[in-house]
Amino acid sequence: MIAAVDLAWRNRIFYAFVAPFAALTIVFGVWPIALSVQVSFTASASALGTTPTYVGFANYATVLADPLFVASMARTLLYTGLAVVANLAFAFLAAALIDSPRLRRGTMFFRLALFLPVVTPDVAGYVVWRWLFDRSFGVVNAAADLLGLPPFGGIASVDTVLAAVLIAELWHHAGFYMTIFLANLAMRDRALEEAAAIDGANTWQIWRRVILPQLRPAIAVNLVYATIQFLKTFTVVVVMTKGGPADRTNFVSYYAYQLFDQGRYGEATAMATLLFAVVIALSLGALRFVERSEVR
Amino acid sequence: MRIARILGAAGLAAFVAAAAPVSVQAQQLTIWHDLGDNGVAWFERAGAEFAKTRPGVSVRSISYPTDQWFGRVISALNTNTAPDLIFNNYERVIRIQTQTNKILDLRATLNEIADKGFLGEDDLRVATFNNRMIILPAQRVQMAFGMRASWLAKVGEQFPQTWDDVRRVAGKFRDADPDGNGRPDTFGMALQAARPRDLIHMLDLFVFGSGLRHTLIDPQGQITIDRPEHAEVLEEFLKTYTEYRFVAPDTINHSFNEMYQVILGNRAGMFRVGDWNVRGWDGANALAGDFVSGPWPSFRGRPNSVVIGGMRGVAVPENSPNRALALEFAKFLLGKEAQQASLELLGAAVRKDLNVSALSPRQQYFARAEHRLAAYDFPESVHTFYPELEAAFHRKLLSGIANPPRDWKPFIAETAREMRELAARLGRN
C-alpha cells in the first residue's frame, strides 16, 4: 500500500496532467453508463424522477421472459457474426488488391471509392440503398430483370432482408476496415517476403505464413471494432426496415429504442445493459482470441 | 460605498430580470400536441379567443412528431417538467397514463360545462380509462375511402359500392395505366405495414366500414375474429396485402411517410382519407383535389359506413404548472369558437352546431356527416389489457403478411386461438 502511494507520489506530475481527462472520461463516459444501469433497476414510471422506486431485477426478469427479446438477441448475434465475417473478409481482400504491386494505376481511385461511403452520412446512404432495393422502381431489380435473373426480395422479403441490410452496411463500413488493413500492410517488413520467396515459398505460403501474422494488430482492431459496431446496429434499421418485415431486423438496439419510445425506461435500459454486457464479453473474447493466436 | 450602490443596483436589476419572465410565464399556458402547423394555428386562434376574457394570458402550443411526443410527454410528466396541457388521440393518452399515472381525472371539469349535449355516450366512454376521464373529447376522427377521381374516369368506373367493385377497380388501377405514362408503375391501393401498429387504420376501415362491431374482442371478452362474418373480412384484408397484388410490393416496409409518398406521388388509386388529410390534399401542392371520398364499400350486402376511428382530446397532467388555468382552457376548447376553428383548420370537431359553409366540398363531406357513421368500439376503455393484446394481434397479422400461408382460414383460426389464450392470461394478471 505504502509502495503504491509512494509510486503515485513519484509520478504526481503525470497524474496531475492526466486528472482532467480522467475526470471528463468519468463524467461523460462512465457516469451515463452507471446511470443507465441504475435506471434498469427502477420502475419505469418513477425512473426519471428524483425518488425512483427500485424493483430489483424485475425489469431483467420481464425482458428475459419476453420471447421477442430472446429472438431479437439471437438475431442480433447471428447478424453480428455474418456482418463481421463479411465486412472483414471484403475489407481484407480489397486491401490486398489495392496493396498489390500488380495494381500499378488507380490505387488512389479505389481507395477513395471504398472510403467515401465511410464519410457519407449514414442516413443518406441508407435512404439511397432503400431506393436501390425498391421492388417497384429500384435499380437492383431493374438490373436483375435485364439479366434475366429472378427478382431480389431486398428489404421487403423475410428471406433476403438480412442480406440486403448487410450489403448496405458493408458498403458503409468496409472502407474503414480496409484502411486499417492497408495501414498495417504498409508497415510490414517486406524483406521477410523476399527471404521467403528466395527460400521457395509460393504466393499462398507467403500470405499465410509471412504476411498474415504481421497483420494481427489490424485483425485485432478490426475484429473488436466490427463486433461492437454490428452488435449495436441501429441506424440502418430505422431508415430501411423499421425492424421488419415480421421482426426479422428487430435487433436489440432497435427493440430497446421502441421501449424507450413508449416510456418503458426500466425494461429498455435492462435490454441496453444486457446488450452492453454482451458487447463487452464478445469484444474481450475477440481480443483474447487474437492475443492467444499471437502467442501460438 | 459607491461600489456597494452599483452592486446593489445590479443585484436589483438581476432580480427584476429574473422575476419578470416568471410573472409572464405564470400566465402562459403551454400545450404539447402532434397536429403540425394546422394544430399550432388552431391553438393560436383558440388561445387568442381565450385571452379576450383573461387579459395577460397567452397560449403557446408546440407540435412534435408523434414518436417524439410520446417520449417527451412521458419523461416530462415523470420528472415534474410537464406542460400545462397535452392533446392527442385517446389511445395515445391512455399510453401516457399507463406509463405515468399522472393524468388528471376530468369528470368534475366536464360536469362544470353546461353546454355539452353534443357529447354522446360513445364519446364519453372513449374518454374514460380505469374509471378516470383522461381526456375531454374535442375532435372525432373520421376515416373514409378515397379514390383518385381522374383514374376512375380513365378506367371508366364509378366510385365502388361493393367489395367486388373494389377488387375490379383496384385491378384496373394496377393494370390499365390509369396515369397514362405508359409504364406499369401504379397500384390499386396504398397501405402500410412496416410496424405492427401500422395496420390499425386500414384494419379499422375494413372491419367497421363493413358493418362489424369489433376488430378483435367484444365487451364480454370474447375474441371475434374467427366468427364467419368477421373471418371473411379479415381474410380479404390479408389478401389485399398479399395475393391480390393491389399494393406496392414494398408495402411491408411502408409506414405513414412511405404510404403518403405512394398516395401523393400518383402511384396508388385507392387510399384511406382521414378528415385531417382533406385540407392538405385539396391544396395545389398535394393531390390538388383529384380525389373523391366515400364510405367503405359494402361487404356481402351488409350496411357500410364511414368510420369514426378515434377521438382526439385534451388532457391535463396532475403536475401541470398552471393547473386551474389549464382546466379552464380545456373546457374552452369545447366552446363554439374553439370548435369552429378546429373544424376549419383541422377538419374535425365534436360540436354539431358549427357553420360548415366555408369548408371545401370534401371537408363538408366529413363535417356534415351525412353518411352512416360507425364508431370504433374503444375496447381500451373496457379491457385495460387491450393494448397488449392488440399489439400481439397486429404482430401476428404482420407475420402472416410477411409469410403468406396458402390458406388463410387455418391462419385466422390459429390467430384466434392464440388471442384467446393471451386474453385469458392478461385478464388474470
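1. Start with a crossing. In chain A, helix 9 passes helix 10 in a right-handed crossing. Keep in mind that this is a predicted model.

2. Next, the geometry. Two packed helices are described by the angle between their axes and the distance between the axes. Helix 9 of chain A covers residues 190-198, and helix 10 of chain A covers residues 203-214. They pack at an angle of about 145°. Their axes are 10 Å apart.

3. Now look at who touches whom. Helix 9 of chain A contributes Leu192(A), Glu193(A), Ala196(A) and Ala197(A). Helix 10 of chain A contributes Ile206(A), Val210(A) and Ile211(A). By class, this contact has 6 nonpolar residues, no polar ones and 1 charged one.

4. Turn to chain B. Chain B is divided into two domains. Domain 1 takes in 27-139 + 310-369, and domain 2 takes in 143-308 + 379-428. Their C-alpha centres lie 28 Å apart.

5. The two domains of chain B touch. On the domain 1 side, 17 residues are in contact; on the domain 2 side, 10 residues are.

6. Which elements give two or more residues to the domain 1 side of this contact in chain B? They are helix 4 (90-100), helix 6 (121-126), strand 4 (128-129) and helix 15 (361-368) of chain B. Helix 15 of chain B gives the most, with 4 residues.

7. Last, the residue classes. The side of domain 1 of chain B that touches domain 2 has 7 nonpolar, 6 polar and 4 charged residues.

Note on methods: Residues numbered from 1 in each chain as written. Chains lettered and ligands numbered in written order. Predicted model: local features only at pLDDT ≥ 70, side-chain atom pairs only at ≥ 80, totals over all residues. Axes fitted to C-alpha atoms, helices over the stretch in contact; angles between N-to-C directions. Left-handed = near helix turned anticlockwise from the far one by under 90°. Contact = placed C-beta atoms within 7 Å. Nonpolar A, V, L, I, M, F, W, Y, C, P; charged D, E, K, R; others polar. Domains from an automatic or database assignment.
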